[in-house]
Every structure is written in C-alpha cells, then in structure tokens.
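Dear colleague,

Please find the structure below, followed by a short account of what was found in it.

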Amino acid sequence: MGLYLAEVQLILQSAGCYEEKTVEFDDALSASMDDFAENTQDMEIPESLPMMAVRDVVVFNYMIIPLFVGRPGSIEAVNDAMSSDKLLMLVTQKDATKDDPEPEDIYETGMVSMIMRTLKLPDGRLKVLVQALSKAKIREFEQTSPHYRVAIDLVPEQEAEEVTVEIEALMRTVREQTEKIMSLRGILSADLMMIINNIEEPGRLADLVGSNLRLKIAEAQQILETVDPVERLTLVADLLNKELEVSTVQAKIQSDAKEEMSRSQREYFLREQMQALKRELGDEDVYSQEIEDLHKALKKKKMPKYAKKEAKKQLKRLEMMHPDASEATIVRTYLDWFLDLPWKKSSKDKLDLKVAAKVLDEDHYGLDKIKERILEYLAVRKLNKDTKGPIICFVGPPGVGKTSLGQAIAKAMGHKFYRLSLGGMRDEAEIRGHRRTYIGALPGRILQGLKNVKTNNPVFMMDEIDKIGDDYRGDPSSALLEVLDPEQNDTFSDHYMNLPFDLSKVMFITTANRYDTIPGPLLDRMEVIQLSGYTQEEKMVIARKYLLPRQIKENGLRPSQIRLNDETLKLIISHYTHEAGVRNLERELGKICRKLARKIAEGGRGPYTISRNTISKYLGPLRFLPETELDTVSQPGLVIGLAWTEVGGELLHIETAILPGKGKLILTGQLGDVMKESAQAALSYCRSRHTALGVDADYFESIDIHIHVPAGAIPKDGPSAGITMTTALYSAILGKPLQKGLAMTGEVTLRGRVLPIGGLKEKALAALRAGINRIIIPDENEKDLVDIPEELRKKITFLPVKSMDEVIKIALGDIKKNGDRKKAAHKGKKKKG
C-alpha cells in the first residue's frame, strides 16, 4: 500500500489538505491506508446518515477525494456528520445545474464516506477531504430540511471466487488499454501503473480505472451500480475501448497540427536560406522577388479562408511556372485581383442622423420622401450593425436629380460612391465577368467597381436600369437578379473569380425613367421610390440655391457681376425650358454665364443685369409659349386631357369633329392601340346614351366622327384619355364648349365608370404650367393627393368623380334643352335623307 499512499499524498497536497511536516497525520494516514480493509470490516456503519449530493463526480470505492462544499444544505450535512461519527452518505445528482435537488433528482446508489479533514475558507465555503468506505443504497429519505438524512442499506462488495484465465485476460487488457490512454494523453506515471499492476481483484481494478476515465455521469453511475466485479470490469473495458479510439484520434490531430507547424517553419527557414545564397551568388532575379512580394502581400491581406486557400494554391502554381510562360501572366493577373478586392475592408459609418439630414438638405431641395427613407436606413444601421444594404430604385423623369442624389447619400453616410451606367448593356459578362479560359478575361463591372472604391460597402448606383437590352450574348437583367437580391448577394459569384463575394453590405441604388420596361422579377427585388417633376417655385429655389452659384463658379465669374431678378428667372423657366427636371434650366443659366464671361474677358466691368427686355440677347427668342396662349378660344369638341411621359406631364388636346357620313370613326394623331380602344369605348358609351344626348338611335349612322390629337409626329398611347375623348364627343354632338381652365384625366368603361390612373403629380404640374386651375380626376385617385406639394394643391382645384355623368355635369353643365344640340341632330337627319 506504500505506493498507493504516495499517490494519495500527492492528491492531498494538491487539495491543500496535507502538509509534509505533519508527521502525526502522515503516520495516521499511512496506518489507516495499510489497515483499510480491516478497519472497514470492523467499523459499524449506522443505518441512518446525513446525505450530501455531489455534482459532476461519481465517488467509487477506495477513493480519497477533496470536495468544495458551498450550498447551505451540504454544509449542514457536513456539520451533522462532524458532530457524530464523521460518516456521510455521498450520492451524485442527475442534473448538475440544479442548486437544490429534490429526492427524484438524486441517484439511489452512492458511497458511505468518512470525513478525514475539513478546512473553512474565507468566503464561508468548506474544503473537505473524504474517504469512501462502503457502497450503499438509499432506502428512505428521513429528513429533507435543513439537510437530507437518509436510511441506507449497505451493498456488500463482492469478490470473484476464482481468477480464471478469462478474468486474468480481461484484467490484463484493461491494464494495457489504461497505459495506452495515459501515454497518449501524456500523463503516464510509473507509480500509478505499479499500483494498477499490483491490484489482483477485478472489482477494485474496475473502480480505480473507472474513477480516472473522463466518463459521463450516467456511465460512471452505471459502473458504480454494477455489483458483480467481472461484469463491472467488462463494462470498464468497453468504455476503455471507446476512450482509446477518441484519444488516438485526438493525438493524431495534435500530431498533424504540430507536424504542419514544423513543416511550415522548415519551409520558411529553407526559403530564407535559399534567398541568402542567391544574394551571395548575385543570382537573385526579379521574378523571385516578385514571388516573395506576393507571399508577403497575401499574408497581410484580410480575406475569407476559402479565398486565401485558393490564392495560396494559385501562388504555388505560379512558383512552379517559368516566368515567360503564357499562363504565368494569367495566374499573376488573377492573384492581383485577389489582392485588390476589398474582401473585408469597409468604410466607417457616419451614423449621426442630424448631420446626415443637413448634408442631404445642402445638396438637394425638397425630395422629402427619399431623404426620410435614407435617414430611416441610417437609424436602423445605428441600432443593428449587421443589417443588409437596401436595394432602392429611383424612378422619375430626366433632370430631377436621381444620380446626384446618390452622391449626396454616399456623402451623408460617409461611404464611397460608384456609378455604373446600364443603358444599352447587352452582354451578361458585363455583370458576371468572363471565365479565365478566355484571352483578356476580366471580372464583371460589379467587382471592378468595388476594386476602384477599395471598400465593400459603397453606395453603388446603377443608372438607366430600364434601358438594359439582351441578345445572343445573354441577358444582363437576369444576371442582376442575384446582385440585387438581399437573400442571394452575400454569395455573389463572378465567373472570373469563381468564388463567392459578399455584396450584402453594398447599398445598391438604381435609377430609371419608367418602371414598366423593367423586367418583373428584377423590379420585385427593388424598393421603388417615385421622383416627380418640380413646380415653378421649386425650380426657382433650386436655381437660386444650387444651379446659378455652380454656373457662376464654373465660368469664372463672381456673384456680384451678374444680376438676375425673380421675374426674369421665372421667364427663363416658363419660356426657355419645357421639362420636369432642371437639366435644361442649368444649361440656359450656363449659356448666360458664358456670354457674360466673354464680355468680362474682353474688358467689360459689370455688373450685368439680365431683365425681360435683355434676355433675348443671351438666349434668343422665346422657345415655348404656354398652352393657354396657344388655345385662347374655347370651341365645341375641344377638350384638354393630361398625359404622363418619360419627361414628366404633358397636356393632351383632343379635337372632335362631327361630319356627314355613314357612321365611321376616324382616328388621327399617331394613336396607340390603347387610345384607339378608348375612342371606341367612348363612342359606344355615347351611342348608349343617345336619349340623354337628345338624338335618335340612328343618329350615329348618319354621321362620321373624326377624333384628332395634335402633334401627329409624336406617338401617343395610354388609357387615361378615356374620359377626355368621351367628353369631347359629348361636346361636339351638343355643340357646347367646355368651361375654361379645365382639364381632365381618367379611364372610362362602357358603363360610364371612371377608373384610376397613374402619374397624377406629373399631370398636375403640366396643368399648372399651362395656367389650368381645375382638374377632373378619378375618385380612387383622391388618396394620391397627399403626395402633391401643398402649394400645388392651393393653386389647383381637384374634382374627384366616379362616373361620366359627374364629368359631363362639371364640364358642360346642364345639357338639357340645348339649341345647338337640336341643330346638330337636325343636320344629321337632313343629310341622311
């Protein structure tokens, strides 16, 4: 027992419960260990003992174990045992996370143990050294508070009657497996192995080995509860086999890692020696230096593991190639792209919402809805750093500031800005890149843009997404589906790189003049924000605040050298430009500044005043006259409609003439199919209302109706001219002109229902430019009035209608007993006769 005592002393020293200088305790411990079997046989163990539940450990026979006791119930149990015979029942609880286990949470079988020594710690806990004496089973819980006290039944330790050859073989196997496991773990002790080899009892060997394995609580408890020593040793042997396999694999992993580390270090030293030899011999060439530079750059570059693995693979290939090989150039270029792409480099966010709002207001006037959306994104970004970049599509006429707005957004966020024009793009490879098998292959424009800005979270603007084409080389819009899908673009794969690249941090902004030409699946992935045209007042503010100062600066002038009053500026807007945006307005202001710059360069002093009388010297004669000045006379059959175009709203003059004939409908003005169908529907509606019109049912068979829309060189189409054509027919048949200052828009059905239309703001702006102050609109479009600026709603009266009867009542007033209508009907009958 001397060797086993040495191991026990080591345990006691580590637990702080043993001092080498305490001779009396050493002798007492040695005597107790030598007479262990005899003392346990002579000791009478009472049937009722205090019980303490232990966590994360199963106590076996012959074990001496230090325990830290901190729970109040456990401390009470230790104190109870110390006050009597120092005997304590130790059992393991099933769930180690429970601080106050119930009886059903505790295993029934445990060990009766003797408290050998206690030590009180400063924090109130106890450090207890216990020695297991005998296995026992809980018969009954006698007490649960303040600590457990149980009635027990001792479980006698069985011994094998005879150590047969099979048992000896089993014991030898257990010893060998234990030695292998300890050797693999690097904790092999000659003293401990001597103890294991000296044990001749199967049960005791099973307990000693089982207590030193890293077993789950349930497995260790199963060993404890197995009474038969041979069965217990067999169970330990099975668990040893499993543990040996795990330890072998673990040792192999550690060995491989160490070998890889040693191999990398060896390669490094050899490479350094080779470079030193080349320097000594004067043979160091440029190619070797280039390879070395690539190694250093690749080591410093931050990129995903899969990308670095591929880059190292390509670099090894490059090292094996001759510098003059054609493929070496391809691989070299490929590696350059690995090093140039911003895999993990991001711009720092500016998340101060007040500063961002100020920056947006400095660069753009109005556009409140878009500014609000950007500030919402910044607010979400401030609360959630991992949010994905939005996919926003600005739809609006030219010149309203879609592209410059993207630059302002990037400035407000503190991110880089990149613009890509998609207009006329027909090759899918422009988006996804070419495969490296092609000569001169490069990545697509997406990765090229990220390489240029050197960050992976720029504001990436794609202009003219509604003008993408397709041909035999592929469909770029289909390739954009992956780029503009937040659920897919975190693994965007370019054909050239052939590796996933994370685009989820990029804020994509697309622009379009109209969204009906954008493919449906692509449009579905984007958040569409409409940008309408500007009112005259908004254009004047923009010109004063942004356009004129910019043109003065670009043309080398000083603000004091030019005087332009509001009246003249309003004249330029209304008579020299005809647009929804301000692009042509800036051109006209630039033309004035250039002419003034020439005068000053030729010796003029200024300042120069631009007035209504002198404006023609700078810009020539008036180019555009307001619509009201062109059509001052109201005539029967003439109705003003409103149309939406790519450049904003336009007035649509519908002219209708009643001619003697045979019931033909003549349509001119290069009308599209939808407008032709609207004219047919309008005629059918009027024929169905012949009684209200005061004409006979055969009246329409005696006349021809000619509907003409001026500006015949311009194609026209759309459903919103339905009520305009119907009203024009009514007016022509009745011979009654419309009220002045009235325009209308809406689709009509055969039953006279007025259906909703789109582009209401653009149409209202066109009406305002023409001096029209009343607009008939569909009742269902009344909800869209919230998007129209307040100053516009003050100048225009919107008249919502549900049916054609309401339209006719507003436009023509009371149509009963109209003399002109009777006259027209009489002429029709006379012609037929």
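**Aromatic pairs and a helix crossing**

The model is predicted: local features need pLDDT of at least 70 and side-chain atom pairs pLDDT 80 or more, while totals for chains, interfaces and linings use all residues. Residues are numbered from 1 along each chain as its sequence is written, and side-chain values use heavy atoms, without hydrogens and water.

Y334 and F338 stand four residues apart in helix α12 (residues 326-340), so about one helical turn separates them; helices are DSSP runs of H or I of at least four residues, strands runs of E of at least two, both numbered from the N terminus.

Rings of Phe, Tyr and Trp (its six-membered ring) pair if their centres lie within 6.5 Å; planes under 30 degrees apart count as stacked, over 60 as edge-to-face and the rest as tilted. By this rule there are nine aromatic pairs. The ring centres of Y334 and F338 are 4.8 Å apart with planes at 75°, so this pair is edge-to-face. Y418 and F460 form a tilted pair, with 5.1 Å between centres and 55° between planes. Because Y418 lies in strand β8 (residues 417-421) and F460 in strand β9 (residues 459-463), this pair ties together parts 42 residues apart in sequence. Both Y418 and F460 are buried. Ring pairs also link Y334, F338, W343, Y496 and F501 into a cluster.

In helix α20, Q536, K539, M540, A543 and R544 meet D566, L569, K570, I573 and S574 of α21, where contact means heavy atoms within 4.5 Å.

Conventions
Buried means under 20% relative accessible area, exposed over 50%, partly exposed in between (1.4 Å probe, protein chains only).
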